[in-house]
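I opened the notebook to jot down what I could look up in this model.

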Amino acid sequence: MALEKTEAVVLKAFNWSESSRTVVFFTRGFGKIALVDKGGRSIKSRRGRIVSFAFLELTFYTSEKESSGYIRDIDPLKTFSFEKEGTVGRLAYGSAACELLNLLLPDSEPQPDLFDYFAAFLNTMETADKRSLPGLFPAFFIRCLSHLGYHPSLTHCSSCGKQADSGSWRGTDDFIRFSPERGGVVCSSCQTAADRYIRLSQSGFDQLVALQRASLTEAAAMPIAYADTELLLEVLTSFMSFQTGLSGRINSLEFLKKMKDTKLK
Ligand SMILES: [Zn+2]
């Protein structure tokens, strides 16, 4: 059993008794790991608390015999409050990012670049203007997918590989067709009646291409309305389901949609 120390963010926690639980972390040094937290929920515990949306210095014991190691100590390094205007959106997108990483990250594979990108995303969620939030999450989503090897094809037809040109993309109804199953856009000569496509307008498609290339600062500056992100997120969640075999359901996004729909009524 070895003692290790690394920077970490909580992705998920499962309580299994009044005082104990399993906590899934995204760590800088070890990737995604699940650790047992014995007695950490007890009010008698003197250890630093495990909080969501915070960078923690995590000290833990690795275990070769048991399926997971366990937490020895926690020190908060930086906590995000998301108190700025638009708190519900900030919390929902922040939770959605944690859900997404919990779904996509392989166990115990260090991903330091992605960890730093996630840190930058949480920082941006804390400080960005409310109007920037809808563009930031899809930019984060598409970057995570690409980083982990699931790169949606937007510049070339995902069936024949032909490069995009203005004529061949759009169907007779002027929409561009994205196939989650084939992993990207499909040119008009490769489209079949049996396939299921998500139809994108030229402007929706342009937004997706721009987000795929955008840094977080660039994404924050893109004027995307919340309503426009719904289709982009449908493209990305369907793409993820087909390409990874994982459920495309992200509860925090469904919660945010319900909140917005109630407000609009
Ligand atoms: Zn084609």
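This is a predicted model: local features need pLDDT of at least 70, side-chain atom pairs count only at pLDDT 80 or more; totals for chains, interfaces and linings use all residues.

**Entry 1: a loop serine.** I looked up serine 108 and got 13 other C-beta atoms within 10 Å, so serine 108 is partly exposed. The cut-offs I used: a residue is buried if 20 or more other C-beta atoms lie within 10 Å of its own, exposed if 12 or fewer, and partly exposed in between, with C-beta atoms placed from the backbone. Serine 108 sits in the loop between α1 and α2. Its phi is near 55°, a positive value in a residue other than glycine. I made a note of that because most residues other than glycine have a negative phi.

**Entry 2: ground rules.** Residues are numbered from 1 along each chain as its sequence is written.

Entry 3: I found phenylalanine 82 in the loop between β5 (70-79) and α1. It has 17 other C-beta atoms within 10 Å, so I put it down as partly exposed.

**Entry 4: the whole chain.** I counted eight helices and eight strands in the chain. Here helices (H or I, at least four residues) and strands (E, at least two) are DSSP runs, numbered from the N terminus. The radius of gyration is 20 Å, close to the 18 Å that the globule rule gives for 265 residues, so the chain is as compact as a globular protein of that length. For the record, that radius is taken over C-alpha atoms, and the rule is 2.2 Å times the number of residues to the power 0.38. Along the principal axes, the C-alpha atoms fill a box of roughly 65 × 40 × 30 Å. Buried residues make up 34% of the 265 residues. I also checked contacts between residues at least 6 apart in sequence: 62% of them join residues at least 24 apart. Two residues are in contact if their C-beta atoms, placed from the backbone, lie within 7 Å.

**Entry 5: two helices side by side.** At what angle do α1 and α3 pack? I got about 5° for α1 (residues 87-104) and α3 (residues 133-147), with their axes 11 Å apart. That makes α1 roughly parallel to α3. Angles under 35 degrees count as roughly parallel, over 145 as roughly antiparallel, 65 to 115 as roughly perpendicular and the rest as oblique. The axes are lines fitted to C-alpha atoms, for helices over the stretch in contact, and angles run from 0 to 180 degrees between N-to-C directions. On the α1 side, the contact residues include Tyr93, Leu100 and Leu104, and on the α3 side they include Phe137, Phe140 and Cys144. By class, the contact has 12 nonpolar residues, one polar and one charged. Ala, Val, Leu, Ile, Met, Phe, Trp, Tyr, Cys and Pro count as nonpolar, Asp, Glu, Lys and Arg as charged, and the others, Gly among them, as polar.

**Entry 6: two domains.** I read off domain 1 (1-79) and domain 2 (93-265); such bounds come from an automatic or database domain assignment. Their centres, taken over C-alpha atoms, are 31 Å apart. Domain 1 puts 13 residues into the contact and domain 2 puts in 15. On the domain 1 side, β1 (3-15), β2 (21-27) and β3 (31-37) each supply at least two residues. That side has eight nonpolar, two polar and three charged residues.

**Entry 7: strand residues.** Is leucine 56 buried or exposed? Leucine 56 has 24 C-beta neighbours inside 10 Å, so it counts as buried. It lies in strand β4 (residues 54-61). Not counting residues up to four places away in sequence, leucine 56 touches Ala8, Ile74, Asp75, Pro76 and Leu77.

Next came threonine 6, in strand β1. It counts as partly exposed, with 18 C-beta neighbours inside 10 Å. Threonine 6 and glycine 29 are 23 residues apart in sequence, yet 5.8 Å apart in space, C-alpha to C-alpha.

Leucine 3 lies in β1. I noted leucine 3 as exposed, with 11 other C-beta atoms within 10 Å.
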